[in-house]
Amino acid sequence: MDSCFDYAMFERLEELKRVLPEGLPKGMEKEFEETKRPALLVRRSFLDLRDNFRYAADPPLQASSKSRKVQKQIVLDGPVSCGKSIALAMLVQWARSEGWLVMYVPEGRSWTHGGLYYQNPENDHWDTPIQAANILQDFLKFNESRLKQLPCQISDPIPMGEGAGVGLMRGVDSMAMPEGSTLYDLIQTGITYSQAAVGVVVRLRKELSLVKDVPVLIAVDQYNSWFTFSGYLEAVTPYSCRPIHARELSTVNAFRSMMHDDMMVGAFSHSTAVGKLRQYLPDVPADARINFPRYNVDEAGTVCHYYLRQRLIRRDAFSEEKWKKIYYLSNGNGKELRWLTAFVQ
């Protein structure tokens with residue numbers, strides 16, 4: 001079968017995990033497990049996404065009348081199992097191979113659930129110091145060497161809050177960074193002092209906007225979990241509680257907005273069961289939300305022939321008619337398409 005689609009083959013799974021140390025999408029891990037090979041279909045929808053941010057970071061010197069529209073902020077929406085999370089991870093892998101500084105959040109829901117939480121009396125937001133420390137540690141995993149080269153550009157002291165299980169730091173309400181500190185030093189401060197973790201995450205967001213030496217991309221999976229209620233409750237009376245919205249969390253509040261000039265991409269995850277959101281979201285440009293498509297018939301054909309080569313389908317049972325039946329039964333759903341190949345007889 002002739003096709004314009006092809007598979008990206010990673011030399012070793014360990015190498016991909018090195019580039020994405022924050023974690024691989026579950027759909028990607030399942031694909032590798034069942035096909036026994038770390039390879040992914042390079043789809044036109046992914047290439048369009050990649051090229052959009054390539055032009056956003058490095059626009060042409062002369063824009064022609066046929067120049068494509070470039071968006072610095074994008075929200076990937078679409079049906080369940082259409083490949084949003086995998087496309088986002090592939091974008092991060094590509095951007096890092098280009099030398100970009102990327103903040104990758106593979107599980108946005110982890111920012112809004114679990115751990116300890118305290119109300120900050122200074123701004124009425126809720127601080128989550130355990131999550132904040134995890135955010136900083138994840139950001140260091142791939143970017144450590146780059147962060148050591150980037151100086152802090154904000155000299156204001158970092159506000160201190162309650163630490164995880166240790167309360168406030170006695171007699172200290174802020175911490176100044178020494179002159180000449182780098183972003184690596186800033187992050188290490190938040191990891192070392194639990195009381196500073198949330199303040200450092202909030203400061204880091206501001207610092208990333210000021211980085212000009214290298215393109216910066218913020219990529220968030222499960223982005224829709226930042227527009228609904230968190231897993232935390234506030235006691236209203238001795239007998240009742242109210243759910244705390246994700247926007248009330250200091251870390252989410254710092255990173256959720258797309259109303260800026262920075263490059264940012266979020267992907268909705270319909271497997272996290274956060275409910276259906278309205279079309280126009282607060283803090284998100286009206287044209288940022290795009291639908292990521294399921295496999296079309298050509299992509300499905302490429303996938304089925306790849307599964308044939310990987311012996312997920314018996315060669316003597318395979319035919320053009322049968323793989324098209326698989327495609328129409330799955331309606332282009334990648335997860336279902338892979339599952340249905342086992343029934344080709």
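**Figure 1. Contacts across the protein chain.** Of the contacts in the protein chain between residues at least 6 apart in sequence, 72% join residues at least 24 apart. The model shown is predicted. Its secondary structure comprises eleven helices and 13 strands.

**Figure 2. Overall dimensions and surface of the protein chain.** Along the principal axes, the C-alpha atoms fill a box of roughly 75 × 60 × 40 Å. A compact globule of 345 residues would have a radius of gyration near 20 Å, and the value of 22 Å for the protein chain agrees with this. Buried residues account for 49% of the 345 residues. The protein chain exposes about 17,600 Å², of which carbon and sulfur atoms supply 49%.

**Figure 3. Helix α7, residues 197-210.** At 1.5 Å a residue, the 14 residues of this helix should span 20 Å; the C-alpha atoms at its ends are 20 Å apart, which agrees. Ten of the 14 residues are buried, so helix α7 is largely enclosed by the rest of the structure. The buried residues include A197, V198, G199, V200 and V201, and R203, L204, R205, E207 and L208 are also buried.

Figure 4. R203 belongs to helix α7. The residue is buried but forms no salt bridge. D156 is the nearest side chain of opposite charge, at 5.0 Å; a salt bridge requires the charged atoms to lie within 4 Å. When neighbours within four places in sequence are left aside, R203 is in contact with I154, D156, P157, I158 and L186.

Technical notes:
Residues are numbered from 1 along each chain as its sequence is written. This is a predicted model: local features need pLDDT of at least 70, side-chain atom pairs count only at pLDDT 80 or more; totals for chains, interfaces and linings use all residues. Side-chain values use heavy atoms; hydrogens and water are left out. Helices (H or I, at least four residues) and strands (E, at least two) are DSSP runs, numbered from the N terminus. The expected span of a helix is 1.5 Å times one less than its number of residues. Buried means under 20% relative accessible area, exposed over 50%, partly exposed in between (1.4 Å probe, protein chains only). Lys and Arg count as positive and Asp and Glu as negative; His and the chain ends are not counted. Contact means heavy atoms within 4.5 Å. The radius of gyration is taken over C-alpha atoms; the globule rule is 2.2 Å times the number of residues to the power 0.38. Accessible areas come from the Shrake-Rupley method with a 1.4 Å probe; for residues, only the protein chains shown count as cover.
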